[in-house]
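Please take a moment with the sequence and the model shown here before reading on. The paragraphs after it are meant for someone meeting this structure for the first time.

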Amino acid sequence: MQFYLDGYRPGDPEFRPAAPGIVPSGSGTLPEEVDVLVVGTGPAGVVLAAQLAEFPHITTRVVERRGGPLEIGQADGVACRTVEMFNAFGLAEKLVREGYWVNEATFWGPDGTRAGGASITRTGRVQDVADGLSEYPHVIVNQARMQEYLLEKMRTSPSRLEPEYGVEVTSVEVLPDGGDHAVKVTLRREGGDTAVVRAKYVVGCDGARSAVRKSLGIELRGDARNHAWGVMDVLAVTDFPDVRVKSVVQSPGGGNLLIIPREGGYLVRFYVDLGDLDPADRDARKRFTFDSIVEAAQKALHPYTLEVKSTAWWSVYEVGQRIADRFDDVLDAERGTRTPRVFIAGDACHTHSAKAGQGMNVSMQDGFNLGWKLAAVLEGRSPESLLDTYSEERRVIAQELIDFDLRFSTMMAAHPTDPAHPELGGVDPAEKQRMFTEAGRFTAGFATEYAPGLLTGSAEHQAVATGFPVGQRFYSAPVIRLADAKPVGLGHVAQADGRWRIYAFAGAGNPAAADSGIARLAEFLSESEDSPVRRFTPDGADPDAVFDVRAVLQQDHRELEVEALPAFFRPVKGPFGLKDYEKVFTPDLKGGRDIFDERGIDRGRGAIVVVRPDQYVAAVLPLDAHAELAGFFAAFMQPAAALV
């Protein structure tokens, strides 16, 4: 974390000064016109708003129909990929400190050796997250707490952004001749008062019954599975030995059970199989009671006992998978003739079961994908056509989630096989464990891979950096910061600030030599008319305002002097012309983890790894591919002279 660039100030450095001229939000008064109106403070909405809060000159407002922040969250599983994203907001340490770490999972199935009726026994135990997937754990944290982290980030941002609570959207209309603020939004406050706001862009993050989606005439398509599950967060006394371990229970006589220990050491969540529903009985789900959920859990755990002492929250839901036809207001026939003005994200455009723990995580990634794109367009750094990529990219990912969730939830609901009656089907406990393990990459949040397109290059040069697959998230690795010998994660230096990252991995030889590959790249980026840094950074802005360029050298940090390297890697910034010394890194040779080996970097040629603002690898190029680097950005960025 860097601070004091503009001058020393006492107090918490994360509480940054408000930008000049900021109009307070959260006061109950909405301006007549806004740049972005975010509808809903669910997972997608708060991630999106937290990103936009970094741009105080973009007028963002957030409305929420509830009277205040969420207090009891429904979702709780935080995938490793989501923790990586939270690190970009400076929140990963809080999340990891407070959360329950899911280190292992156990599997329980029928015990044929016991007399006296149906009973269970442990059939297996596996590591929850495979080695090498992430430096962060899979954690469990109440959704309300996660959202509070992001709300606090918004409150302490230069925008001082806070939601307007008790405000419900009743209609959204895109006016053909509406000018810049072409979206008309009608709002209703608690008490019945109405108001109209005109926006350049609207994002509906308002859940499965989204008013924004309905205003666009978009439907969620899919099927209910006519199978009910109960879920309860409880404080309980039990002799079940794995109550503090994530456990999958396949009971011969009592259905299925998924046990998720919660943060704090005592609270635990039970997902309880309540069986099939009659599709003709529309009220069947409503007739389940809390007592019936507890009874079903007790039956599934037999011969172990369960006594619920206190309940934080419970519900009954029906498994189903649904997805919207499109994630914005542009019809397929109109695509290319106009650009989107209204978007939907999270549960507003895809719903699924809770078993895979991906609903909240994928929703947050929706908001992360869209936020930086809106900022780039509103700042004039990219044309409006950039916004077409949101629906294009995220709907594919949502469909993959729907398909995976169908397989996963079906597996979770399957009854155990009965050797005496193979005709009844079912899933053997060992097979369930195998399927669960194979799904680990998806449930950890790493199945997302963006296809080649406007924002993602081809894999033509993948060989120069095999450990950074194009289209996948940038996988951090340990390095040493040259200027102060501090061990850091290379991916951890990136913030959720809308900037592109360019990581330049030096080739063989002395990087301080004028003819080295890293020196020639620095010369190109700082002096060439074709340099994306020169072309797309506004006059008067800091040199790294749009592109955060970092160098990674092969030598030990004690063999190099930071002042001997090209001055480009010590950019002069801020009102005092201070040098930024945190742009150059070396391998962590003392720790025995050389990033060049771990990430398959070509030591002879070196490599350029371009990373999107949402942490996905956009391109991998040889260190000397200057023209290709320039051409990549020229496809979707506008010259600084075009900024408004």
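Predicted model: local features only at pLDDT ≥ 70, side-chain atom pairs only at ≥ 80, totals over all residues.

Together with M1, Y4 and Y8, F3 makes a nonpolar surface patch of about 460 Å². F3 is partly exposed, with a relative accessible area of 34%, and Y4, which lies in the segment before β1 as well, also counts as partly exposed, at 31% relative accessibility.

Most residues other than glycine have a negative phi, and most peptide bonds are trans. Another residue with a positive phi is R160, at about 50 degrees, and R160 is not a glycine either; it lies in the loop between α4 (143-155) and β8 (164-165). A cis peptide bond, with omega of about 15 degrees, joins H302 and P303, and P303 is found in the loop between α6 (290-301) and β16 (306-324).

Turning to strand β5, which covers residues 104-110, the reader will find T106 there. T106 is buried, because its relative accessible area is 0% and buried means under 20%. The side chain of T106 joins that of D242 through a polar contact of 3.1 Å, and it joins that of S247 through a polar contact of 2.8 Å. Leaving aside neighbours within four places in sequence, the residues in contact with T106 include R122, G124, R125, V245, K246 and V248.

Where does Q554 lie? Q554 is in the loop between β22 (547-552) and β23 (572-573), and it is buried, with a relative accessible area of 17%. A polar atom of the side chain of Q554 lies 3.0 Å from the backbone oxygen of A506, while the Q554 side chain also reaches the backbone oxygen of R603 at 2.8 Å. When neighbours within four places in sequence are left aside, Q554 is in contact with A506, G507, A508, P587, F596 and R603.

Terms used
Residues numbered from 1 in each chain as written. Heavy atoms only, no water. Helix = DSSP H or I, 4+ residues; strand = E, 2+ residues; numbered from the N terminus. Buried < 20%, exposed > 50% of the residue type's maximum accessible area, 1.4 Å probe, protein only. Polar contact = N/O pair within 3.5 Å; in protein donor to acceptor, adjacent residues only side chain to side chain. Contact = heavy atoms within 4.5 Å. Patch = residues over 30% accessible without salt bridge, like charges linked within 9 Å, V, L, I, M, F, W, Y side chains within 5 Å. Areas by Shrake-Rupley, 256 points an atom, 1.4 Å probe, with all protein chains shown as cover. Salt bridge = Lys/Arg side-chain N within 4 Å of Asp/Glu carboxyl O.
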